[in-house]
Every structure is written in C-alpha cells, then in structure tokens.
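This briefing goes through a single protein chain, topic by topic. The sequence and the model come first.

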Amino acid sequence: MPGAPPVGPGLARSFTVGASGGELHADIWFRCHGVRIDTGHLGPALAGARTSRGLIRVTESLRVDGHRHVHAIGDITDLAEAKMAAHAVRHAEVVARNILSQLRGDEPSAVYRPSPVGSILIPLGPELGTGQASSPEGATVLSTETVVRYKGADLATGRFAELFGTV
C-alpha cells in the first residue's frame, strides 16, 4: 500500500514513500483532487457577494459585485469557465488595467469575457508530458516537446519569476 508523503504539499524537499512494487523518490508533490472554494476568510463585508457555493460574484470588469474598489480573480470567481491558471492570468491582466484606470481617475473599461475553451498542459517531470489545445474548431493533442518547452522544465514558474523580477 502506498505511503503518505512525509512533507506537506507544495514544499520542495526530497522524500521517499512506499509505493506498489517498491519506493517512490520525489522532490515535491501537489494535492490535485477535488475543488473546494474557500472564501470564508474574506470577512463579513463581502458576505453579500458570495454565492451559495462560496464563489464571489463579479462584474464583467472583475469587480466584486457591490464593491467599487474590490476585484476578484481566479478560482473564487463565479465566472462560467473552467478553473484554470491560464484563465486566472487573463483575469489578472483585466484587473491590473482597471486598477490603473482608477488610479488615473478614469472609469475602468477593461472587461473579461469567459472562455468556453482552454488548453491543458500536464508535465510529467522535466522531459515528458502531454497536453491538449482546444479551440472552437476542436481539440488538438500536443506533442511531448511542446509540453516540455512550455511547462516541463519549471512548471511555467519562470515566466512569473521574470514578471515579478525575481530572476
């Protein structure tokens, strides 16, 4: 029977666990099951913006419903689209433009349109992986090389490190 990792999820520390047929050596693991939205920490001021499922109602400019200067992005939004990092990146771009508009004294004008399609890249270590790119015309299976190039080497963290000036 497989053993539980001795370190918490998302912590970069080498470890070994028992696995069917032997041992599994790893440097990091992620809990990747289920979707539970946790917005309870947001406090009573935002209680009216929560849906019965705990999602935050947002406008097309990604403002929290009923709040002029509060925005929400990512999985906590009530947008009708898959909960995917690529969508959250697009959310952040809209919110950033709208905050800059507000700082200039202008009314926010950037809007977000949920995407009914998306792509998924699943790296399997730094040299393997699989993925699918979706469009209104259908889905295309991505090559291992494409997945490795875009996400395999660093789980796409390099582009964010560059964005935040940490490289």
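The model is a predicted one. Its protein chain holds three helices and five strands, and three of the strands, S3, S4 and S5, make up an open sheet.

**Chain and overall dimensions**

- Read from the N terminus, the elements of the protein chain follow the order β-β-α-β-β-β-α-α.
- The radius of gyration of the protein chain is 19 Å, whereas the globule rule gives 15 Å for 167 residues; the chain is therefore more spread out than a compact globule.
- Along the principal axes, the C-alpha atoms of the protein chain fill a box of roughly 60 × 40 × 35 Å.

**The three-stranded sheet**

- The strand order in the open sheet is S3-S4-S5, and the pairing is antiparallel.
- Strand S3 (120-123) and strand S5 (138-142) are the edge strands, each of them pairing on one side only.
- From one strand to the next, the twist averages 10 degrees.

**Strands S4 and S5**

- Strand S4 covers residues 129-135 and runs antiparallel to S5, with five bridges joining the two.
- A hairpin of two residues connects S4 to S5.
- Serine 135 has glycine 138, in S5, as its bridge partner.
- Glycine 131 is placed opposite leucine 142 of S5.

**The helix across the sheet**

- Which strands does helix H2 lie across? Helix H2, residues 144-152, lies across S3, S4 and S5.
- The direction of helix H2 is at about 85 degrees to S3.

- Rolling a probe the size of a water molecule over the atoms shows where empty space is left.
- With a threshold of 30 Å³ or more, the count is one cavity.
- The largest cavity holds about 30 Å³ of space.
- Its lining is formed by Gly74, Asp75, Thr77, Glu81, Ala82, Lys83, Met84, His87, Ala88 and His91.
- How do the lining residues of the largest cavity divide into nonpolar, polar and charged? Three are nonpolar, four are polar and three are charged.

Technical notes:
Residues are numbered from 1 along each chain as its sequence is written. This is a predicted model: local features need pLDDT of at least 70, side-chain atom pairs count only at pLDDT 80 or more; totals for chains, interfaces and linings use all residues. Side-chain values use heavy atoms; hydrogens and water are left out. Two strands pair if DSSP finds at least two bridges between them. Helices (H or I, at least four residues) and strands (E, at least two) are DSSP runs, numbered from the N terminus. Axes are lines fitted to C-alpha atoms, for helices over the stretch in contact, and angles run from 0 to 180 degrees between N-to-C directions. Contact means heavy atoms within 4.5 Å. On a 1 Å grid over the protein atoms alone, a cavity is a set of points where a 1.4 Å probe fits but cannot get out, and a pocket is an open set with protein on both sides within 12 Å along at least five of seven lines; lining residues have an atom within 4 Å of a point. Grid points are joined across faces, edges and corners, and a volume is the space filled by probe spheres set on the points. Ala, Val, Leu, Ile, Met, Phe, Trp, Tyr, Cys and Pro count as nonpolar, Asp, Glu, Lys and Arg as charged, and the others, Gly among them, as polar. The radius of gyration is taken over C-alpha atoms; the globule rule is 2.2 Å times the number of residues to the power 0.38.
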